[in-house]
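Biologist: I have not seen this structure before. Please take me through some of its details, one question at a time.

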Amino acid sequence: MSPAQDRRFMALALSLARRGLGRTWPNPAVGCVVAQGTRVVGRGWTQPGGRPHAEAVALARAGTAATGGTAYVTLEPCAHHGKTPPCADAMIAAGLARVVVALSDPDPRVNGAGIDRLRKAGITVDMGVLRDQATALQAGFLQRITEGRPFLTLKLATSFDGRIATATGESQWITGPQARRYAHALRADHDAVLVGAGTARADDPQLTVRDLGVTYQPVRVVASRRIDVPLNGKLARTARETPVWICHGPDADPALVTAWQDLGALCLPTPIGPDRQIDPGGLMQTLAQQGLTRVFCEGGGAFAAALLNADVVDRLITGTAGLALGAEGQPAIGAMGLDRLAEARRYTLQEHRAMGPDIVATWHRA
């Protein structure tokens with residue numbers, strides 16, 4: 001098989017893997033393609049809830065046509081018995097001649113064991129095809145394993161002078177329908193949508209994916225030290241339908257903890273920092289311990305500043321509208337206490353595009 005052919009099939013496997021984003025946590029969203037020569041005979045991606053795995057789906061679809069073929073998989077096949085048998089064993093049993101892997105799996109239960117098992121069975125294994133693309137796709141899963149925190153995307157919808165609301169708090173809608181629809185698509189490929197208590201009180205948001213035809217919803221997370229979130233709001237009324245997690249401080253009123261639990265919410269004690277607010281690093285660790293790999297944060301300004309100051313924002317997505325709200329408007333990012341430019345973390349522009357009347361830009365940590 002030529003290098004170009006390997007890249008083409010791996011690109012297809014990566015496109016399949018993306019279908020699982022937001023639906024497979026705590027498992028990774030993996031894609032797999034089984035080929036005979038230049039012909040695809042099986043394809044699969046990790047199913048909702050993380051099972052069955054992509055390799056099992058692709059091999060089942062290929063059937064006996066997999067024998068002597070090549071499998072392209074975006075992450076090292078698992079080698080341990082969990083709720084499903086090892087994918088490496090399934091590949092061996094299918095009679096594959098070759099397996100092409102984009103990226104090794106740092107999970108201690110795998111971490112080279114899958115590759116080793118395949119090679120000991122006489123299967124040729126080639127590593128690193130489209131590794132960079134696979135690393136970007138698996139950033140949340142990898143980061144949870146290696147750093148103990150999920151991949152965090154911060155989204156801001158602002159006027160061109162950096163405001164998210166007027167002085168009176170009016171914010172619906174600064175950006176247009178196309179940018180808002182894109183925000184719903186971003187919610188859909190994350191495990192959870194996160195807001196601070198201020199946003200939960202001011203906007204009474206649903207934090208659900210709407211108008212895209214999806215049949216699943218991300219977890220809705222509120223960071224609130226005192227759990228000062230309305231018990232009659234949209235989140236409270238729908239907590240039994242779509243998961244709601246409240247990350248609160250150790251000094252939260254036990255009666256409010258019980259009230260939210262009675263509504264169906266999961267209440268998670270979370271460390272607080274020296275400022276007596278939820279500690280962003282501790283918050284990320286708490287969410288990772290619950291299995292989240294990709295979190296989408298929608299503000300507000302003080303919460304965004306705390307996350308940026310704690311250096312836990314991995315990607316920043318800004319939607320900028322063509323209007324000005326003036327200095328009296330509410331800033332997109334609250335006070336950060338920076339005295340020198342060198343203290344501010346730089347982000348690198350990945351892409352920008354017009355979306356209706358607005359400009360949407362994606363920035364990654366430098």
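Biologist: How far is the sulfur of Cys87 from the closest cysteine sulfur, and which residue holds that sulfur?
Modeller: This is a predicted model, and the distance is computed from it. A disulfide needs two cysteine sulfur atoms within 2.5 Å. The sulfur of Cys87 is too far from its closest partner for a bond, because the gap is 3.7 Å and the partner is Cys78.

Biologist: Is Cys87 buried or exposed?
Modeller: Buried means under 20% relative accessible area. Cys87 has a relative accessible area of 3%, so Cys87 is buried.

Biologist: Which cysteine has the sulfur nearest to that of Cys247, and how far away is that sulfur?
Modeller: Cys247 takes part in no disulfide. Cys247 is also a buried residue, because its relative accessibility is 0%. The nearest cysteine sulfur is 9.2 Å away and belongs to Cys267.

Biologist: How many disulfides are there in the whole structure?
Modeller: A disulfide is a covalent bond between the sulfur atoms of two cysteines. The search covers the whole structure, and the number found is 0.

Biologist: Where is Thr74 found, and is Thr74 buried or exposed?
Modeller: Thr74 sits in the loop that runs between strand S3 (70-73) and helix H3 (87-93). Its relative accessibility is 0%, so Thr74 is buried.

Biologist: Which backbone nitrogen does the side chain of Thr74 reach?
Modeller: Not counting residues up to four places away in sequence, Thr74 touches several residues, among them Met10, Ala29, Val30, Gly31, Leu103 and Gln138. The side chain of Thr74 comes to 3.1 Å from a backbone nitrogen, that of Gly31.

Biologist: How many cavities of 30 Å³ or more are there, and what is the volume of the largest cavity?
Modeller: The count of cavities of 30 Å³ or more is 2. The largest cavity holds about 80 Å³ of space.

Biologist: Which residues that line the largest cavity are the closest to its centre?
Modeller: By class, its lining has 6 nonpolar, 6 polar and 2 charged residues. Of the 14 residues that line the largest cavity, the closest to the centre are Leu21, Thr24, Ala29, Thr293 and Arg294.

Biologist: Which helix gives the largest share of the lining of the second largest cavity?
Modeller: The second largest cavity holds about 40 Å³ of space. Its lining includes Ala200, Asp204, Val229, Lys234 and Ala236. The largest share of that lining is 3 residues, and they come from helix H9 (residues 234-237).

Biologist: Which residues lining the second largest pocket are the closest to its centre?
Modeller: This pocket has a volume of about 550 Å³. Of the 20 residues that line the second largest pocket, the closest to its centre are Ala136, Arg294, Arg315, Gln350 and His364.

Biologist: How many charged residues does the lining of the second largest pocket have?
Modeller: Elements that each supply at least two residues of this lining include helix H5 (131-137), helix H7 (177-188) and strand S13 (315-321). By class, the lining has 9 nonpolar and 4 polar residues, and the charged ones number 7.

Biologist: Which residue caps the N-terminal end of helix H10 (residues 254-263)?
Modeller: After H10 comes Gly264, with a positive phi near 110°. At the N-terminal end, a side-chain oxygen lies 2.9 Å from the backbone nitrogen of Ala255, and the capping residue is Asp253.

Methods
Residues numbered from 1 in each chain as written. Predicted model: local features only at pLDDT ≥ 70, side-chain atom pairs only at ≥ 80, totals over all residues. Heavy atoms only, no water. Helix = DSSP H or I, 4+ residues; strand = E, 2+ residues; numbered from the N terminus. Buried < 20%, exposed > 50% of the residue type's maximum accessible area, 1.4 Å probe, protein only. Polar contact = N/O pair within 3.5 Å; in protein donor to acceptor, adjacent residues only side chain to side chain. Contact = heavy atoms within 4.5 Å. 1 Å grid on protein atoms, 1.4 Å probe; cavity = no way out; pocket = protein on both sides within 12 Å on 5 of 7 lines; lining within 4 Å. Points joined across faces, edges and corners; volume = space filled by probe spheres on them. Nonpolar A, V, L, I, M, F, W, Y, C, P; charged D, E, K, R; others polar.
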